[in-house]
Amino acid sequence: MMMALMKVLLCLWLTVSGVGASYVPQEMNKTIQNLLQYYKIPNAVRFNGNPVFPKDLVDGNVEMKMVFMHGVLETYEELIGRMLSQLPTATPPLASSGTTSNHDSGGGAQVKADVRSKLTYVLGKIQYLKRHRYQEQEKLLLSLQSLKSIQMSNRTVQSKALWELPQLFEKASSLADDKMRRRRRRRQARNRMHLKA
Ligand SMILES: *[C@@H]1O[C@H](CO)[C@@H](O)[C@H](O)[C@H]1NC(C)=O
Ligand SMILES: *[C@@H]1O[C@H](CO)[C@@H](O)[C@H](O)[C@H]1NC(C)=O
């Protein structure tokens with residue numbers, strides 16, 4: 001009870017203070033803005049009307065959109081992994097002590113270490129979201145991957161698959177049919193509402 005009340009108050013406060021509108025934690029957004037100082041490109045290039053990820057996602061229901069977003073998160077994981085591996089490895093700060101000529105590269109190493117820790121932090125946020133909110137999609141994609149590993153040239157596999165085909169063909173067709181019928185029902189319901197109005 002107390003917890004619920006506190007949650008309501010927190011939400012209220014967040015809404016009033018204008019922070020609650022976003023799922024992006026301020027710390028994360030700030031970190032990204034900081035990283036953009038390092039990954040600088042001209043505005044004309046950034047806003048050339050050709051984003052890396054499409055603005056409007058796939059058409060369809062929430063489930064399909066979530067499958068797609070899982071793909072986006074996974075792509076970001078890989079991308080940030082690549083960005084991390086492209087950072088020159090930071091030399092230990094004390095390894096080059098003694099000579100003054102190394103001060104500059106020491107500063108550079110500092111920046112690299114900073115970028116590395118910021119990228120790692122952002123990566124952690126992405127992985128957390130994926131691991132905790134996209135489990136179903138993860139499972140679905142894993143089962144899709146396991147289809148790819150079926151031994152297509154194996155005669156035993158070929159024969160077993162043929163035997164299983166009638167049932168699966170039936171299932172696949174009826175699923176598609178269900179979907180069409182549901183859509184038609186929805187359209188009819190909408191039309192009835194129009195007639196009543
Ligand atoms: C992130 O920060 C920028 C710059 O401060 C701001 O314009 C933007 O609205 C913020 N985005 C989110 C999702 O909080
Ligand atoms: C073909 O598949 C069967 C069943 O999965 C397996 O027992 C057999 O070892 C496979 N044969 C070859 C040549 O890979």
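**A chat about a helical chain**

Biologist: What should helix α7 span at 1.5 Å a residue, and how far apart are its end C-alpha atoms?
Modeller: Helix α7 covers residues 155–196, and its 42 residues should span 62 Å at 1.5 Å a residue. The end C-alpha atoms are 61 Å apart, which agrees. Please keep in mind that this is a predicted model.

Biologist: Got it. Where in α7 is there a kink?
Modeller: A kink of about 45° lies at L165.

Biologist: Let's zoom out. How many helices and strands does the chain have?
Modeller: There are seven helices and zero strands.

Biologist: What share of the chain is buried?
Modeller: Of the 197 residues in the chain, 1% are buried.

Biologist: What about contacts, how many join residues at least 24 apart?
Modeller: Take the contacts between residues at least 6 apart in sequence: 67% of those join residues at least 24 apart.

Biologist: Okay, confidence next. What does the pLDDT average over the chain?
Modeller: The average is 84, and 80% of the residues score at least 70. Confidence is highest in helix α2, residues 26–38, with a mean of 97. Helix α1, residues 2–16, is where confidence is lowest, at a mean of 51.
Biologist: Which stretch has a pLDDT below 50?
Modeller: That is residues 95–105. Beyond near neighbours in sequence, this stretch has three contacts in the model.

Biologist: Now a residue I was curious about: why does L119 count as buried?
Modeller: L119 has 20 C-beta neighbours inside 10 Å, so it counts as buried. You'll find L119 in helix α5.
Biologist: Which residues does L119 touch?
Modeller: Not counting residues up to four places away in sequence, L119 touches L35, I80, M83 and L84. L119 and L84 are 35 residues apart in sequence, yet their C-alpha atoms are 7.0 Å apart in space.

Biologist: Nice. Where does L87 lie?
Modeller: L87 is in the loop between α4 and α5. With 14 C-beta neighbours inside 10 Å, L87 counts as partly exposed.
Biologist: And what is L87 in contact with?
Modeller: Leaving aside neighbours within four places in sequence, L87 is in contact with K112, V115 and R116. L87 and R116 are 29 residues apart in sequence, and their C-alpha atoms are 7.4 Å apart.

Biologist: Changing topic: how many residues does helix α6 have, and how far does it reach?
Modeller: Helix α6, residues 135–148, has 14 residues and reaches 20 Å from its first C-alpha to its last. That is close to the 20 Å expected at 1.5 Å a residue.
Biologist: Does α6 lie in the open or is it buried, and what number of its residues is buried?
Modeller: The number buried is zero out of 14, so α6 lies largely in the open. E136 lies in this helix, α6. E136 counts as exposed, because it has 12 C-beta neighbours inside 10 Å.
Biologist: How far is E136 from V67?
Modeller: Their C-alpha atoms are separated by 8.8 Å, although E136 and V67 are 69 residues apart along the chain.

Biologist: Which helix holds G71?
Modeller: G71 lies in helix α4, residues 62–86. G71 is partly exposed, with 16 other C-beta atoms within 10 Å. G71 and L141 are 70 residues apart along the chain, and 9.2 Å separates their C-alpha atoms.

Biologist: Last thing, the ligands. Which residues are around ligand 1?
Modeller: Around ligand 1 you'll see S22, V24, N29 and Q33. That shell divides into one nonpolar, three polar and no charged residues.
Biologist: And around ligand 2?
Modeller: There the residues are Q151, N154, T156 and V157. The shell of ligand 2 has one nonpolar residue, three polar and no charged.

Notes
Residues numbered from 1 in each chain as written. Chains lettered and ligands numbered in written order. Predicted model: local features only at pLDDT ≥ 70, side-chain atom pairs only at ≥ 80, totals over all residues. Near = placed C-beta within 6 Å. Nonpolar A, V, L, I, M, F, W, Y, C, P; charged D, E, K, R; others polar. Helix = DSSP H or I, 4+ residues; strand = E, 2+ residues; numbered from the N terminus. Expected span 1.5 Å × (residues − 1). Bend = angle between axes of the 7 residues up to and from the residue. Contact = placed C-beta atoms within 7 Å. pLDDT = per-residue confidence, 0-100.
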